[in-house]
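Here are a few notes from my pass through this model, in the order I'd look at things. Have the structure open while you read.

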Amino acid sequence: MDKSVGISLWNGFSHLSTRSRAAWIAELTGLDQASLEALSGHQITTGVDLAESCVENAVGYFAVPLGVAAYMLIDGRDVVVPMAVEETSIIAAASSAAKFFYPHGGVTTRTEGTSSIGQIQIPGISGGEDSRRVVEAIAANQDFLLACANELVPGLAARGGGARRIDGRVLPGMVVVHVYVDTCDAMGANLINQLCEGLRPAIEDLTGEAAGICILSNLTDTRMSYATVRARHVDRHLADGVINAYEFAAQDPYRAATHNKGILNAVDAILLATGNDWRAIEAGAHAYAALTGHYRPLSHWRLEGDDLIGEIRLPTAVGTVGGVTKIHPTAQACLKMLGAQTAPELGRICAAVGLIQNFAALRALSTDGIVKGHMNLHARNLALLAGANQEEHSMLVERLREELLHKKRLTLTQARTILSEIRSNSIRKKEPFAKK
Ligand code: MEV
């Protein structure tokens, strides 16, 4: 969708069947029949071609549920956000938090930098004069090295990307050459690895040293996405709770890890749905969180008057072309659904939804606690595990929710006990004249 349609867009969506939701989303976002079918994953998983072209020794597929987060208003546009994730509550929490921010204008985003980093290590450099000589040789021959680098990736250069800058960093016992490469809309891991390995002989000739490891860095602080939310005249109790939760994370790496995990719940789910390398973004996010030497939360929450403001900074070396994104029909359908054609757009959406997801977690933790939200869906799973049939399922879920209100916990044993009660009650009802 090009712009915001309004909060009512999502009315009743969660009550539809899975098929109807998919059909509705397809209509809303202009997905064709093939893309709609790709959302179910059926056709893909009945063949082995995709598995064979992605991994070695393929034996099948592991299906992960695909849902959409609702109410996401990002830079004034209603965005239908596909999320592939197995954990209950994540999509509901993101949707509910997005609904909270919708009347406040949703999320605004921006990106900074377009280059990923390739590293060429030159080991065995003793420091001092030795290091200076190597770094200077790189600096003095920057133009030549850039020309060599771009000759190695002519396709990328033709698309408007390529190597932009080269420099040397001095570390104990080594110099590390950084090559900054604009990979356009590709994540670019293969391109950068090829480029670094290809550049090795030129670096060795110029420095007179043997190069060591050549590989991209997943710490892409040169390719950042930022997102901001502002809730005006916010309830003070809520704001204090969120800020307290943020301060806890800012002080304590044990809490910051969980805080950031909550953000990555959303980011990874979008990356998986769009065929991106979520492990790369995870690694980059955690390394960025620790860049000051102290592991920090990726988001920041503060009060300005009685407005609550949230911000996030996230390294986002993502891709909308190439790799699995290109060959996986569901990833293609998800990208169409998102309306994200470029890597910066996808990066901004990841940051925006990560921030919203973070708010959802901090709000829950500082009010009802996290168990309630998780347990509502857990009740449905327990009902299935206890063996409830279709007729019994909703009755059992209802009883489990009541139980949760009283006891604050739910177990499979409780589910089984209540199910036997339901069954014996229904036998009594069917035999009205049975002896008491
Ligand atoms: C659970 O998947 C994520 C949370 O633990 C995040 C957080 O604690 O901020 C709820």
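1. Start with threonine 320, whose side chain reaches the backbone oxygen of glutamine 341 at 2.9 Å. Keep in mind that this is a predicted model. Threonine 320 sits in the loop between β10 and α13 (323–327). Buried or exposed, then, is threonine 320? Its relative accessibility is 7%, so it counts as buried, the cut-off being under 20%.

2. Next, have a look at aspartate 240, which belongs to helix α10 (residues 236–251). With a relative accessible area of 38%, aspartate 240 is partly exposed, because that class runs between the 20% and 50% limits. Its C-alpha is 8.5 Å from that of leucine 303, although 63 residues separate aspartate 240 and leucine 303 in sequence.

3. Now the ligand. Which residues surround it? The list is Glu87, Arg255, Thr258, His259, Lys261, Gly262, Asn265, Ala361, Leu365 and Ile370. Sorted by class, that shell has three nonpolar, four polar and three charged residues.

4. Glutamate 87 has a side-chain N or O atom 2.7 Å from an oxygen atom of the ligand. For lysine 261, a polar side-chain atom lies 2.8 Å from a ligand oxygen. Asparagine 265 places an N or O atom of its side chain 2.9 Å from an oxygen atom of the ligand. As for cover, the ligand on its own has 300 Å² of accessible area, and the protein covers 87% of that.

5. Where does the shell come from? The elements giving two or more residues to it are α11 (253–273) and α15 (343–366). Of the elements, α11 gives the most, with six residues.

6. Last, the second largest pocket, which holds about 350 Å³ of space. How many residues line the second largest pocket? There are 17, and Tyr288, Pro297, Leu298, His300 and Arg313 lie nearest its centre. Two or more lining residues come from each of β8 (224–231), α12 (278–289), β9 (299–304) and β10 (307–315). By class, this lining has nine nonpolar, four polar and four charged residues.

Definitions and conventions. Residues numbered from 1 in each chain as written. Predicted model: local features only at pLDDT ≥ 70, side-chain atom pairs only at ≥ 80, totals over all residues. Heavy atoms only, no water. 1 Å grid on protein atoms, 1.4 Å probe; cavity = no way out; pocket = protein on both sides within 12 Å on 5 of 7 lines; lining within 4 Å. Points joined across faces, edges and corners; volume = space filled by probe spheres on them. Helix = DSSP H or I, 4+ residues; strand = E, 2+ residues; numbered from the N terminus. Nonpolar A, V, L, I, M, F, W, Y, C, P; charged D, E, K, R; others polar. Near = heavy atom within 4 Å. Polar contact = N/O pair within 3.5 Å; in protein donor to acceptor, adjacent residues only side chain to side chain. Areas by Shrake-Rupley, 256 points an atom, 1.4 Å probe, with all protein chains shown as cover. Buried < 20%, exposed > 50% of the residue type's maximum accessible area, 1.4 Å probe, protein only.
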